[in-house]
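Subject: Structure for you to look at

Hello,

I am passing on the structure we talked about, and below it I have written out what I found, so that you can follow each point with the model open beside you. Please read slowly and look up each residue as it comes.

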Amino acid sequence: MIALEEYCNAFQKTVGEYLVRHRSILDTITKYQESCSRVNRAIAKSVTTCGCISVSAAKQELPASMRIEDFKASVSTHLKGELCDTCRDIVSTELGNNIFYVAAICELLGLEMHEVINSERDRLSTLGYFKMR
Ligand SMILES: [Zn+2]
């Protein structure tokens with residue numbers, strides 16, 4: 001737990017030092033939104049341009065009698081294949097950029113990133129399967 005706190009604090013501090021051009025909360029939240037789109041675009045390009053992964057989706061039928069603990073094993077990701085090294089690098093870079101803006105929003109609003117993460121983890125632990133996403 002301490003390691004996460006120290007790591008997040010160091011990361012958030014570094015992000016705060018880089019927040020020069022996008023110090024405005026409006027610039028930051030719109031850059032955050034743009035970074036979300038770039039993550040989605042990178043994944044889509046892995047399918048449509050590279051082809052290392054594909055998506056095959058259909059409605060997922062779940063028997064009413066299925067135990068909730070068995071859902072994860074029965075529900076498809078709709079993905080086939082694996083990211084190639086190039087696409088993995090691109091998606092990873094875009095996710096890193098997205099995390100940068102999460103930390104930036106925390107920094108500008110006076111939130112501690114590790115507290116946000118811990119709070120979400122605690123919420124998931126408390127709600128368990130009833131908080132499925
Ligand atoms: Zn690829």
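K45 has its place in helix α2, and with a relative accessible area of 32% this lysine is partly exposed. If you look from K45 to V91, you will be comparing two residues that stand 46 residues apart along the chain, while their C-alpha atoms are separated by 9.8 Å. Please keep in mind throughout that this is a predicted model, and that the values I quote are computed from it. The pLDDT of the protein averages 89, and 93% of the residues score at least 70. Confidence is highest in strand β1, residues 53-55, where it reaches 98, and lowest in helix α3, residues 71-74, where the mean is 76.

Helix α2 covers residues 25-50, and both of its ends are worth a visit. I25 is found in this helix and, at a relative accessible area of 33%, is partly exposed. Together with L26, I29, L109, L111 and V116, I25 forms a nonpolar patch on the surface, and the accessible area of these residues together is about 510 Å². Which helix gives the most to the nonpolar patch? Helix α2 does, with three residues.

The zinc ion is coordinated by the SG atoms of C50, C52, C84 and C87, at 2.2 to 2.3 Å. Along the chain these donors follow the spacing C-x1-C-x31-C-x2-C. As for the geometry, the angles among the four donor atoms run from 105 to 118 degrees, and the site of the zinc ion is tetrahedral. Are C50 and C87 buried or partly exposed? C50 counts as partly exposed, at 41% relative accessibility, whereas C87 is buried, because its relative accessible area is 7% and buried means under 20%.

Next come the charged pairs. Side chains of opposite charge can pair when their charged atoms come close. The structure holds six salt bridges, and I describe some of them here. One of them joins E120 and R123, whose side chains meet at 2.4 Å from N to O. These two residues are three apart in helix α5, residues 113-127, so they are separated by about one helical turn. E120 is partly exposed, with a relative accessible area of 22%, and R123 is partly exposed as well, with 34%.

Another salt bridge is formed by D122 with R121, and here the closest N and O atoms are 3.0 Å apart. D122 has a relative accessible area of 40% and is partly exposed, as is R121, with 36%. A further salt bridge links E61 with K59, the closest N and O atoms being 3.9 Å apart.

Two more residues deserve a look before you close the file. E107 has its place in helix α4 and is partly exposed, with a relative accessible area of 32%. From E107 to T126 there are 19 residues along the chain, and the C-alpha atoms of the two are separated by 27 Å. H78, finally, sits in the loop between α3 and β2, the latter being residues 79-81. Its phi is near 70 degrees, which is a positive value in a residue other than glycine. At 21% relative accessibility, H78 counts as partly exposed.

With best wishes

Technical notes. Residues numbered from 1 in each chain as written. Predicted model: local features only at pLDDT ≥ 70, side-chain atom pairs only at ≥ 80, totals over all residues. Heavy atoms only, no water. Patch = residues over 30% accessible without salt bridge, like charges linked within 9 Å, V, L, I, M, F, W, Y side chains within 5 Å. Areas by Shrake-Rupley, 256 points an atom, 1.4 Å probe, with all protein chains shown as cover. Salt bridge = Lys/Arg side-chain N within 4 Å of Asp/Glu carboxyl O. Helix = DSSP H or I, 4+ residues; strand = E, 2+ residues; numbered from the N terminus. Buried < 20%, exposed > 50% of the residue type's maximum accessible area, 1.4 Å probe, protein only. pLDDT = per-residue confidence, 0-100. Donors = N, O, S within 2.8 Å, 3.2 Å for Na, K, Ca; no water. Tetrahedral: all angles 85-135°; square planar, octahedral: opposite > 155°, others 65-115°.
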